[in-house]
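Dear colleague,

Please find below the structure that I am handing over to you. My notes on what was found in it follow directly after.

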Amino acid sequence: MGDYGRYLLLLLSITALFTQTHSLAYDVHWLGGPTTIERDVPTPKQAVDIYCFTGTSKNLFALWQTVKFHIKIKNDEFRQYIGPAPDEVYKEYTEDSYGWAVVNPFQKKPQKTVTVSLFTPTCMAVNTKERHSIDLQVLRVDIWRVLLMVTGIVLIFSSRALSGNPVFFYLCGIFVGVFASFMVLVYYVSKLLPKKTLTYGILIGGWTVGVYLFQQIWENIRTLILSYQTYMFWYTLIISFVSFIVCYRIGPPKNQRSKNLVMWTLQVVGILMIFFSSEYQEASAAVIITSMVAKYFPQSLINRIGAYWRKKFPPKPRLLTSEEYYEEGARETKMALENLRKYCSSPDCAQWKIMLKLNDSKRFASFVEGNSHLSDEEVVDYEAYAFSLERSRKYDHNSTRNMEISDDDDDTDYDDD
């Protein structure tokens, strides 16, 4: 009986210890907006801190929004675990704590800034012995997403013009030439690698080995670019010049089918840029459909709609002021006199017949030669008439104003009485 009691007490102790450990397994911090959490290491508690972004609802205000987890730490001595739920993150954390990460060369390199999904919950845990802080950064309007969408829309609407633009042809040729030269270098470097060993390694390790090799190659390329910036600059400059010479020798496409292929390629690139410019893919698809419909909407139908609108809602005519009326009259008169002078000087005009019908043929000849069609007396009479009209208009205006003032004075006297 005593042994049975001891076994029972030991079982209860193990169960209590397991329950306590399970209750302290992890603490979830649900974050819904911009937040900063400081962490000192070592911490007195034994639970694992898991930071979760709750996600947001789909609306137009989230069209260009970006949410990021940013880890502020002095060095790169940390490991991170990301998943859609806290239990999955904790499972990955515990599996890593068992020592598998020590012999796992294919583990993804931790990043200090991680972009999370906008509309679904995302959780992250950090394993480090350094002091650090976790920032949830919420960009309401990510300028890069805006630029990406605007660039895609511009590519769609200007694809026809760019397909025949020589400057755009040379720029694209230089870009393709530089990119292709790097691909040629990668090809010749791959020829130096042992094919059998690489093939067997990919067959045995699967796609993880391929991903690992790709990551290592990319890290080495980035290290080379940062270490030999001067050589990379001159290499890019020389390849760009060679690409320009080749494009200049070939010349821009002149065949309409070639231009159509370039135009369709630009439109596909614009569609992809718009689609990946926002995590709200339904809104991005709506922008793509609207852009394509506006691009290929029949012009005849647009003209019919515009004509129907103007007929249904005619614009209200604006009356000219006296100054505008005078300026337009002088401008149109001058234009008509110039046209008449040109006609009289042209071979189509029978000048002698016209001069026989006129009372003052010298005046007609003077007008054709470029002089004024009015005599000095007519100019003086016109200016006097215009002056009298202006004076009478001012007199009428002053009289009306005086009458209004007198009416106001009469109303004031009436009120005083």
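Strand 4 (residues 66-72) and strand 8 run antiparallel and are joined by 7 bridges; two strands count as paired if DSSP finds at least two bridges between them. Helices (H or I, at least four residues) and strands (E, at least two) are DSSP runs, numbered from the N terminus. Within this pairing, His70 has Asp135 of strand 8 as its bridge partner.

The model is a predicted one, in which local features need pLDDT of at least 70 and side-chain atom pairs count only at pLDDT 80 or more, while totals for chains, interfaces and linings use all residues. Residues are numbered from 1 along each chain as its sequence is written, and side-chain values use heavy atoms, with hydrogens and water left out.

Strand 8 (residues 132-139) also pairs with strand 2 (residues 35-39), in the antiparallel sense and over 5 bridges. Here Thr35 has Leu136 as its bridge partner in strand 8.

Leaving aside neighbours within four places in sequence, the contacts of Leu136 (heavy atoms within 4.5 Å) include Leu31, Phe53, Val67 and Phe69.

There is also an open sheet of 4 strands with mixed pairing, in the order 1-3-7-5. Strand 1 (26-31) and strand 5 (78-83) are its edge strands, each pairing on one side only. From one strand to the next, the twist averages 25 degrees (axes are lines fitted to C-alpha atoms, and angles run from 0 to 180 degrees between N-to-C directions). Strand 5 and strand 7 (residues 122-128) run antiparallel and share 6 bridges, with Met124 of strand 7 as the bridge partner of Ile82.

Finally, Ser284 lies in helix 10 (residues 281-295). Ser284 counts as buried because its relative accessibility is 0%. Not counting residues up to four places away in sequence, Ser284 touches Met149, Ile274, Phe275 and Ser278.

With kind regards

Methods: Buried < 20%, exposed > 50% of the residue type's maximum accessible area, 1.4 Å probe, protein only.
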